[in-house]
Amino acid sequence: MKSTPLSLIAGAVALAAVTGFAALTAPGDQNPAEAKTAVRLPVERSSLVCPAPSISDLAETTYTSYTPAGQKGGEAGTADLKAAADSSGDVEDDATTDEDTKDDEATTDDKDGKDDKKTDKSPPPAKAGAGAEKSVVALKEPGKPVTAKGSGASSPALVGTATGRLAPGWTAQQTTTVAAGASRGLLGVSCTGPDTDFWFPGASTTKNRQDYVHLTNPDDSAAVADIELYGPGGSLKSDVGEGITVPARSSVPVLISTLTAEIVPDVTVHVTTRSGRVGAAIRTADEAAGSDWLAASADPAGTLVLPGIPADATSVRLVAFAPGDDDADLKVRLLGKNGPISPVGNDSLHVKSKMTASIDLKDLTRGEPGSLLLTPNGRDTPVVAALRVVRGTGAKQEIAYIPATGPVGRQASVADNRATGSTLSLTAPNATGTVKVTASAGSEGGAQVVKTYTVKAGTTIAVTPPVPSGLKGSYALTVETESGGPVHAARTLAVPKDGIQMFTVQTLSDDGGTVEVPTAEQNLSVLEK
């Protein structure tokens, strides 16, 4: 079929709807063969949001921003994460003077978390205080991460945009240490791009849990979100989860247990927006096992991979949900260093439509690192899933979460790796794959190092990743597929403290740093992801 200027404009509109924004130069006459060709171009604009780190006065937070090196040409660009309007705090960037910090300082009224428990569907307007829109961490160049520090309960949520050469693959990490109290733990989360639909299997409304959904709006107009809860019996009754207003460039925390009167240990949370877009993440706190972030599961699919279960896990719990009209029957397999293993007595899971199901896999890994593979046992029915993982026992338990994640694809990165304590898990569920792992320059010095790993089909390897030579500060890891696969990955960061194996796990999936667009003279440039 011959392309016309009108059809090309319609195509550009469709592309804009998917990627966020596109610019179009209408073409003249074109060769139909040329119109069918395509090329991969780097995105020219990216957005990220990071939730407010903690409600503990003991919290110590590190924000890290990073873009992989390698992008040539184009504008230098900027990548700036700023404090959300309603939650500014005591933040000090490496390039910020003490006087700057003093002038821009702002605090919140809520130091004990009481205000977080409001269930009003329309929270108070964002405070445009002294710290609103304050730059917290500004990236200066690709290939070298930049960090900033935050202290206490008033450390802010962040919203930001990267442009030019800093946009493709831009990533940010938020890592918080809380030494004691109900929020004790190492809390890590990769800042996320804003979206309109999120699934979180693995939350809870029990009395020993304090789980908050954080909704962060990066845009200049308010967003309106809905929160739905599902337990083993289906939808949980809630009158206050609809029509939650998230003011422009601000963050709103919602305590899940205030949305329903039902006490349920395994809950799936579904966040959608009626208007606008948000970033969403759940901060969990367990009285016995500490605290961490639960990131969103990959989109519903019949086959899911949950990479990076530590070798010394003392408890592993799988939580899954089937959002469609059909029940799902799943095969459950552990991908270890020598191949797939079916857990005895737990090799399958039946998930009823619109209901949450779970399995206690206990000490599944038995001293060897692994990843969980969920595949259809019959009909291919889409599901979402996450793992609740515990290390240690008794008073020295520590919790983390591993959501189902997509493959690393062309490229995926994770920031805030330290000289010690980082473990990279790589798994190839279907076919042998080879990946290149680049350790970036350090935030305060050091040269990048590159290493290649091959992962055999059906196995998981857990390696100590390469460390930049002469490392000072922290660094980022970038994983690129070289052949075969797909390969899925996760990074575990461990910071032992007072005999407790504090840890957090971040999964790595394709960063969407490039987009396939038509060539010829259509001149479609994807400007935002």
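**Entry 1: strands β31 and β38**

I looked up Leu-424 and found that its bridge partner in β38 is Arg-491. The model I am reading is a predicted one. I then followed the two strands: β31 covers residues 422–428, β38 covers residues 488–494, and they pair in the antiparallel sense over six bridges. I note for myself that strands of a sheet pair through backbone hydrogen bonds, either parallel or antiparallel.

Next I asked in what order the strands of this open sheet run. I read the order as β35-β31-β38-β39, four strands with antiparallel pairing. I found β35 (459–463) and β39 (503–508) at the edges; each has a single partner strand, so one side of each is left without a neighbour in the sheet. For the twist I noted an average of 20° from one strand to the next.

**Entry 2: Ala-494**

I stayed with strand β38, where Ala-494 is found. Is Ala-494 buried or exposed? I recorded a relative accessible area of 18% for Ala-494, so this residue counts as buried, the limit being under 20%. Leaving aside neighbours within four places in sequence, I listed the contacts of Ala-494 as Arg-391, Gly-421, Met-502 and Phe-503. I also checked Ala-494 against Leu-186: the two are 308 residues apart along the chain, and their C-alpha atoms are separated by 8.1 Å.

**Entry 3: another four-stranded sheet**

I turned to an open sheet with the order β30-β37-β32-β34, again four strands with antiparallel pairing. I marked β30 (412–417) and β34 (449–455) as the edge strands, each pairing on one side only. On average, neighbouring strands here are turned by 25° against each other, direction ignored. I looked at one pair in detail: β30 and β37 (residues 475–484) are antiparallel and share four bridges. Within that pair, I found Leu-477 of β37 as the bridge partner of Val-414.

**Entry 4: the disulfide**

How many disulfides are there? I counted one disulfide. I found that Cys-50 and Cys-191 form it, with their sulfur atoms 2.0 Å apart. The link is right-handed, with 110° about the S-S bond. I placed Cys-50 in strand β3 (residues 45–50) and Cys-191 in the loop between β11 (185–190) and β12 (197–203), so the pair ties together parts that are 141 residues apart in sequence. I checked the exposure of both ends: Cys-50 is buried at 0% relative accessibility, and Cys-191 is buried at 7%.

**Entry 5: nonpolar cores**

I looked for the largest nonpolar core and found that it has 31 residues. Ile-309, Leu-318, Leu-372, Leu-374 and Leu-387 have the most contacts inside it. In soluble globular proteins, nonpolar side chains tend to be buried together.

**Entry 6: the whole chain**

I ended with the totals. I read three helices and 41 strands in the chain. Of its 529 residues, 53% are buried. I took the contacts between residues at least 6 apart in sequence and found that 81% of them join residues at least 24 apart. The accessible surface comes to about 21000 Å², and 50% of it belongs to carbon and sulfur atoms.

Key:
Residues are numbered from 1 along each chain as its sequence is written. This is a predicted model: local features need pLDDT of at least 70, side-chain atom pairs count only at pLDDT 80 or more; totals for chains, interfaces and linings use all residues. Side-chain values use heavy atoms; hydrogens and water are left out. A disulfide is a pair of cysteine sulfur atoms within 2.5 Å. Buried means under 20% relative accessible area, exposed over 50%, partly exposed in between (1.4 Å probe, protein chains only). Two strands pair if DSSP finds at least two bridges between them. Axes are lines fitted to C-alpha atoms, for helices over the stretch in contact, and angles run from 0 to 180 degrees between N-to-C directions. A nonpolar core is a set of buried Ala, Val, Leu, Ile, Met, Phe, Trp, Tyr and Cys residues joined through side-chain atoms within 4.5 Å. Contact means heavy atoms within 4.5 Å. Accessible areas come from the Shrake-Rupley method with a 1.4 Å probe; for residues, only the protein chains shown count as cover.
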